[in-house]
Amino acid sequence: SLETLKAAAGRAPIVPVLVVPDVQSAAPLADALVEGGLTIAEVTLRTASGLAVIEAMKKAQPDLIVGAGTVLTGDDVRNSIQAGADFLVSPGMSPKLLEAIAEYRDITIPGIATASEAMSRYEEGFKMLKLFPAAVAGGVPALKALSGPLPHLSFMPTGGVSTDNAAEYLALPNVVAVGGSWIATEKDIAASAWSDIAAKAKAALQKV
Ligand code: 3PG
């Protein structure tokens with residue numbers, strides 16, 4: 001549930017957004033993230049191996065909370081759940097996705113970029129939202145402004161977050177975690193740069 005996710009974020013509030021090209025990378029990647037002190041990972045469904053990667057990461061590191069990202073369709077929802085995803089993340093919402101994701105509202109973090117979208121998702125029963133793309137959608141000032149009229153909503157900003165600005169986001173009371181691709185980039189993963197990934201995770205956690 002999102003409560004488990006929130007508890008894990010309390011220990012390490014950075015969620016690496018992963019594009020993993022091959023399932024062989026899944027276990028060493030999961031090991032590197034845990035070695036780096038992280039507790040949560042988001043595996044995007046942008047590669048054909050995404051679903052298998054979720055399964056393999058959970059097998060390698062059963063305590064790592066592994067979610068599916070870039071969930072766009074009903075098939076993505078069903079496949080992610082079947083693969084064992086602990087949570088689902090989408091860049092936004094659509095009528096068909098809303099229908100497919102209805103029974104998983106309590107483990108879904110939908111993307112929003114405006115107050116109206118945030119209000120709609122809240123009405124529909126979503127409790128945690130992803131400000132996306134965070135840097136473009138107003139960043140820290142936007143989250144500060146939204147907390148005035150919408151103090152009951154919590155956010156995981158993603159998109160343009162880095163080691164340099166993660167602490168600013170996390171200082172806000174309505175930010176539970178930040179997401180980003182910088183901890184383990186596609187390039188890092190393709191190069192099997194496991195120790196670099198662990199080092200980047202440690203460095204980022206130290207700053208927040
Ligand atoms: C994504 O969906 O790719 C995430 O928002 C990552 O954004 P970033 O590359 O700016 O961290």
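Student: Why is Val71 called buried?

Tutor: This is a predicted model, so we count atoms in it. Val71 has 27 other C-beta atoms within 10 Å. The label buried needs 20 or more. Therefore Val71 is buried.

Student: Where is Val71 in the chain?

Tutor: Val71 sits in the loop between β3 and α4 (74–83).

Student: What does Val71 touch, leaving out residues up to four places away in sequence?

Tutor: Val71 touches Leu45, Asp76, Val77, Ser80, Leu88, Val89 and Ser90. Thr44 is 27 residues from Val71 along the chain, and their C-alpha atoms are separated by 7.7 Å.

Student: Now Asp63. Why is Asp63 called exposed?

Tutor: Asp63 has 8 other C-beta atoms within 10 Å. Exposed means 12 or fewer. So Asp63 is exposed. Asp63 is also in a loop, the one between α3 (50–60) and β3 (65–69). Thr39 is 24 residues from Asp63 in sequence, and 7.6 Å away in space, C-alpha to C-alpha.

Student: What makes strand β5 largely enclosed?

Tutor: β5 covers residues 108–112, and five of its five residues are buried, so the rest of the structure largely encloses it. Look at the two faces. Thr108, Pro110 and Ile112 are buried on one side, and Ile109 and Gly111 are buried on the other.

Student: How do you know that β4 and β5 pair?

Tutor: Pairing needs at least two bridges. Strand β4 (residues 87–90) and β5 have three, in the parallel sense. They therefore pair. Val89 stands opposite Ile109 in β5.

Student: What about β5 and strand β6?

Tutor: Two bridges join β5 to β6 (residues 128–131). The cut-off is at least two, so this counts as a pair. The two strands run parallel. Ile112 stands opposite Leu131 in β6. Here the chain crosses through helix α6 (residues 115–124), and this β-α-β crossover is right-handed.

Student: How is β6 joined to β7?

Tutor: By two bridges, and these strands run parallel. Met128 stands opposite Ser154 in β7.

Student: What is the strand order in the open sheet?

Tutor: The order is β7-β6-β5-β4-β3-β2-β1-β8, with parallel pairing.

Student: What makes β7 and β8 edge strands?

Tutor: β7 (154–155) and β8 (178–180) each have a single partner strand. So one side of each has no neighbour in the sheet.

Student: How many helices and strands does the protein have?

Tutor: Ten helices and eight strands.

Student: Why is the protein called as compact as a globular protein of that length?

Tutor: Its radius of gyration is 16 Å. The globule rule gives 17 Å for 208 residues. The two values are close, so the label holds. The C-alpha atoms fill a box of roughly 45 × 35 × 25 Å along the principal axes. Of the 208 residues, 45% count as buried.

Student: Last one. Which residues surround the ligand?

Tutor: Val17, Phe132, Pro133, Thr158, Gly159, Gly160, Val161, Gly180, Ser181 and Trp182.

Student: What classes make up that shell?

Tutor: Five residues are nonpolar, five are polar and none is charged.

Methods
Residues numbered from 1 in each chain as written. Predicted model: local features only at pLDDT ≥ 70, side-chain atom pairs only at ≥ 80, totals over all residues. Helix = DSSP H or I, 4+ residues; strand = E, 2+ residues; numbered from the N terminus. Near = placed C-beta within 6 Å. Nonpolar A, V, L, I, M, F, W, Y, C, P; charged D, E, K, R; others polar. Right-handed = clockwise from strand over helix to strand, strands pointing away. Rg over C-alpha atoms; globule rule 2.2 N^0.38 Å. Contact = placed C-beta atoms within 7 Å.
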